[in-house]
Amino acid sequence: SDPLDWHGDHIHTNYRGLYTSLVLAGYYMEVLGTPYTCMDASKYGTLMVVDPEEEFFTEEIIKLEQDVTNGLSVIMIADWFNSQVMEKVKFYDENTRQWWMPDTGGANIPAINSVLAPWDIAFSTGVWEGEISWGEGKATYYASGSSILRFPESGLLVRSQLNDQVQEMVNGATESEDGVPVLGLYQTRRGEAAGRIAVYGDSNCLDDSHMQKDCYWLISDILEYTVNSNIMPVFIQNKGEPIINLETGPMPVRPDSSRLYIHSKVLASPLTLKQRNLPKCHRLEWSIPRPINSTAPVGSSLHAILASPRANQPIVPLVRRPHANHVERFARVPKPVSPLTLTPTAHFASLHSIISAILLVAIVVLCLYLLESIYRRGLKSIAGVIRGSVGTIYRSPWIRQTYRALSQKLRRTDRLNLPNNT
């Protein structure tokens with residue numbers, strides 16, 4: 001269902017079942033998205049490398065050797081690698097009108113062997129298939145996996161009877177062989193707190209795209225060994241003989257026709273295996289927390305005080321500004337306050353102030369006008385001043401009629417020299 005590995009071999013895609021089973025078992029998993037040189041191995045118990053197809057930087061291999069010496073355990077899950085089989089599985093693509101040949105096998109066994117070389121562990125070019133049953137409830141299917149070529153004699157090796165797929169694909173004959181080494185457990189001896197190494201030759205039982213029968217129980221038992229140094233009874237009961245020198249064959253080599261360097265982030269040249277520059281490690285710089293609340297100590301009679309960190313500086317909001325590289329960042333900038341941005345209460349207060357100012361100006365202008373009229377006309381009575389000013393300012397018929405009636409009454413009052421009883 002996934003012949004070209006479009007799912008990417010990730011715990012959120014075709015390895016989701018493995019991730020779920022380990023989380024339910026109580027393990028915490030992280031995906032390493034940086035080179036091994038950027039990993040702080042002291043914070044982890046086991047490094048699990050499943051079906052790697054990429055090369056390893058020389059600095060990564062040295063770093064992993066040091067980490068294992070300091071206590072890190074490693075689980076290496078491989079897959080098949082054989083130049084003859086790679087030649088057999090090539091096909092002609094009608095879309096590109098080219099022959100497609102794998103740039104590496106199911107896993108990059110030469111690269112894996114480079115990582116395991118310090119402990120004299122290596123996988124072979126054999127491709128094996130068959131049912132594995134190591135007891136009740138301890139069964140799985142070994143689908144086109146590698147066998148172990150070299151392993152320390154002090155380690156624990158588990159063997160099984162499997163079919164040789166290389167002979168079947170190349171010669172068309174089915175051959176079965178007993179005692180094929182498929183699993184190895186090894187306690188390194190290079191330090192008092194040295195880590196442990198576990199290797200297994202097939203990853204199809206963990207891949208949801210190619211799985212016929214899962215082997216989650218096997219990974220759980222291997223983790224029990226790498227994390228707690230407990231060898232499960234299923235491994236002891238099926239323990240095989242150690243590998244002797246007569247069994248060892250030629251080491252797997254990278255094919256000359258491989259174009260892995262085109263897609264690789266490590267290789268820069270196809271022939272000399274020249275490597276690219278090691279990527280730099282990203283360092284996270286955490287900001288210093290600055291609390292803005294200041295409260296009284298416990299037991300104090302003082303009330304809690306809510307204050308800003310600096311009395312002379314206002315607390316400005318956190319706003320978003322787009323950068324030129326389309327990456328949004330956050331910065332503290334003061335928010336501009338417009339004079340028109342007011343609440344309804346503030347609107348009424350502002351309007352009231354404006355009206356009061358206008359009325360005050362009108363009263364002052366009227367007073368000045370009256371004083372000017374008294375000075376220019378030289379009127380002897382206040383009534384004359386009012387008559388002159390009102391007659392000048394107001395021109396409506398109703399005002400004039402009212403003004404005439406008021407004037408007649410004022411004249412009558414002046415002649416009689418009586419109090420104003422109107």
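Analyst: Contact means that heavy atoms lie within 4.5 Å. This model is predicted.

User: Which residues does glutamine 165 touch, not counting residues up to four places away in sequence?

Analyst: Setting those neighbours aside, glutamine 165 touches Val127, Trp128, Glu129 and Ser144. Glutamine 165 is found in helix α5, which covers residues 165-170.

User: Is glutamine 165 buried or exposed?

Analyst: A residue is buried if its relative accessible area is under 20%. Glutamine 165 has 18% relative accessibility, so it counts as buried.

User: How do strands β6 and β9 run, and how many bridges join them?

Analyst: Strand β6 (residues 128-133) and strand β9 (residues 156-164) run antiparallel, and two bridges join them. Glutamate 129 has asparagine 163 in β9 as its bridge partner.

User: How many aromatic pairs does a search of the whole structure find?

Analyst: The search finds four aromatic pairs. To classify a pair, one looks at the angle between the ring planes: under 30 degrees counts as stacked, over 60 as edge-to-face. The planes of tyrosine 36 and phenylalanine 56 are at 25° with ring centres 5.9 Å apart, so this pair is stacked. Tyrosine 36 is in the loop between α1 and β1, while phenylalanine 56 is in the loop between β1 and α2; the two are 20 residues apart. Tyrosine 36 counts as buried at 13% relative accessibility, and phenylalanine 56 counts as buried at 8%. Phenylalanine 151 and tyrosine 186 form an edge-to-face pair, with 6.3 Å centre to centre and 75° between the planes. Both phenylalanine 151 and tyrosine 186 are buried.

User: What is a disulfide, and how many does the count come to here?

Analyst: A disulfide is a covalent bond between the sulfur atoms of two cysteines. The count here comes to two. Cysteine 38 and cysteine 281 form a disulfide, with sulfur atoms 1.9 Å apart. This link is left-handed, with -85° about the S-S bond. Cysteine 38 lies in the loop between α1 and β1 and cysteine 281 in the loop between α8 and β12, so the pair ties together parts 243 residues apart in sequence. Another disulfide joins cysteine 205 to cysteine 215, S to S 2.0 Å. The torsion about its S-S bond is about 60°, so this disulfide is right-handed. Cysteine 205 is buried at 1% relative accessibility, and cysteine 215 is buried at 0%.

User: Where does pLDDT stay under 50?

Analyst: Where pLDDT is low, the predicted coordinates should not be read in detail. The protein has a mean pLDDT of 79, and 71% of its residues reach 70 or more. Among the stretches with pLDDT under 50 is the one over residues 323-335.

Notes:
Residues numbered from 1 in each chain as written. Predicted model: local features only at pLDDT ≥ 70, side-chain atom pairs only at ≥ 80, totals over all residues. Heavy atoms only, no water. Pairing = 2+ DSSP bridges. Helix = DSSP H or I, 4+ residues; strand = E, 2+ residues; numbered from the N terminus. Phe/Tyr/Trp six-rings, centres within 6.5 Å; stacked < 30°, edge-to-face > 60°. Buried < 20%, exposed > 50% of the residue type's maximum accessible area, 1.4 Å probe, protein only. pLDDT = per-residue confidence, 0-100. Disulfide = S-S within 2.5 Å.
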